[in-house]
Amino acid sequence: MKTFKKAAMLIVLAIAGAISFNCSSDSNSSASTNFYLKCKVNGTWVEFADPMVINSLAKSITGNNADNGKVVTLFTPLNVATGTFTITDEPSNVNSYAGSFSDFNEEVYTDNETGTMVITEVNANVIKGTFSFTGDDGNGGTITVTEGSFRAENIE
């Protein structure tokens with residue numbers, strides 16, 4: 001099952017990289033969109049500008065960095081509302097809140113096992129909140145994601 005998850009995350013990372021590369025802005029403006037996803041992973045900051053948002057059966061918010069191989073993905077129901085939600089390990093439940101961390105350079109992948117997501121703002125343009133979760137790294141260790149925050153484009 002872990003092999004399938006790693007393969008699926010590699011595919012998502014490849015697609016995200018291709019989309020990011022092919023959809024660069026034509027603008028010469030230095031103005032930022034102010035969209036981000038950042039957190040501490042086992043005490044070390046990882047930050048991503050302009051996380052990708054995809055609506056399918058659920059909403060996914062993904063920060064990825066092809067240079068260092070790190071990926072953080074958050075999952076919410078499509079009709080997300082403000083509030084505090086328990087992050088659970090129910091990947092087939094499209095109404096659940098979830099998170100994952102991958103480091104493809106270190107061959108580490110974790111689905112959350114426990115955690116919390118707080119959605120503080122949702123409107124037609126933005127989804128914003130905080131998160132933390134922990135999970136098994138697949139190698140006998142634990143990944144702890146803390147002090148997470150995000151502000152992403154809300155695709156409806």
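Predicted model: local features only at pLDDT ≥ 70, side-chain atom pairs only at ≥ 80, totals over all residues.

Trainee: Which residues of the largest nonpolar core touch the most other members?

Mentor: That core has 23 residues, and the ones that touch the most other members are L37, I61, V72, L74, F131, V145 and F150. At least two residues of the core come from each of β1, β2 (44–49), β5, β9 (114–122), β10 (126–136) and β11, and the largest share, 4 residues, is supplied by β11.

Trainee: How many residues of β5 are buried?

Mentor: In β5, 6 of the 7 residues are buried, so this strand is largely enclosed by the rest of the structure.

Trainee: And what does β5 pair with on the β4 side?

Mentor: Strand β4, residues 59–65, pairs with β5, residues 70–76, in the antiparallel sense, and 7 bridges are found between them. Within that pairing, I61 stands opposite L74, and T62 stands opposite T73. The two strands form a hairpin with 4 residues between them, and in the turn G69 has a positive phi of about 80 degrees.

Trainee: How many bridges join β5 to β7?

Mentor: There are 6 bridges between β5 and β7, which covers residues 98–103, and the two strands run antiparallel. One of the pairings puts K70 together with D103, its bridge partner in β7.

Trainee: Zooming out, what is the strand order in the sheet?

Mentor: It is an open sheet of 5 strands, ordered β3-β4-β5-β7-β8, and the pairing is antiparallel. The edges are taken by β3 (52–55) and β8 (108–111), each of which has a single partner strand, so one side of each is left without a neighbour in the sheet. On average, and with direction ignored, neighbouring strands of this sheet are turned by 15 degrees against each other.

Trainee: Changing topic to charges, how many salt bridges does a search of the whole structure find?

Mentor: The search finds 2 salt bridges. In one of them K70 is paired with D103, and the closest N and O atoms are 2.8 Å apart. This pair links distant parts of the chain, since K70 is in strand β5 and D103 is in strand β7, 33 residues apart. K70 and D103 are also the bridge partners I mentioned for these strands.

Trainee: Is D103 buried or exposed?

Mentor: D103 counts as buried, with a relative accessibility of 5%.

Trainee: What about the salt bridge of K40, which residue is its partner?

Mentor: K40 forms its salt bridge with E147, where the closest N and O atoms are 3.3 Å apart. K40 lies in strand β1 (residues 36–41) and E147 in strand β11, so the pair ties together parts that are 107 residues apart in sequence. E147 is partly exposed, and its relative accessible area is 48%.

Trainee: Staying in β11, is S149 buried or exposed?

Mentor: S149, which lies in strand β11 (residues 142–153), is buried at a relative accessible area of 14%.

Trainee: Which residues is S149 in contact with, leaving aside its neighbours within four places in sequence?

Mentor: With those neighbours set aside, S149 is in contact with Y36, L37, K38, G129, T130 and F131.

Terms used:
Residues numbered from 1 in each chain as written. Heavy atoms only, no water. Pairing = 2+ DSSP bridges. Axes fitted to C-alpha atoms, helices over the stretch in contact; angles between N-to-C directions. Buried < 20%, exposed > 50% of the residue type's maximum accessible area, 1.4 Å probe, protein only. Contact = heavy atoms within 4.5 Å. Salt bridge = Lys/Arg side-chain N within 4 Å of Asp/Glu carboxyl O. Core = buried A, V, L, I, M, F, W, Y, C linked by side-chain atoms within 4.5 Å.
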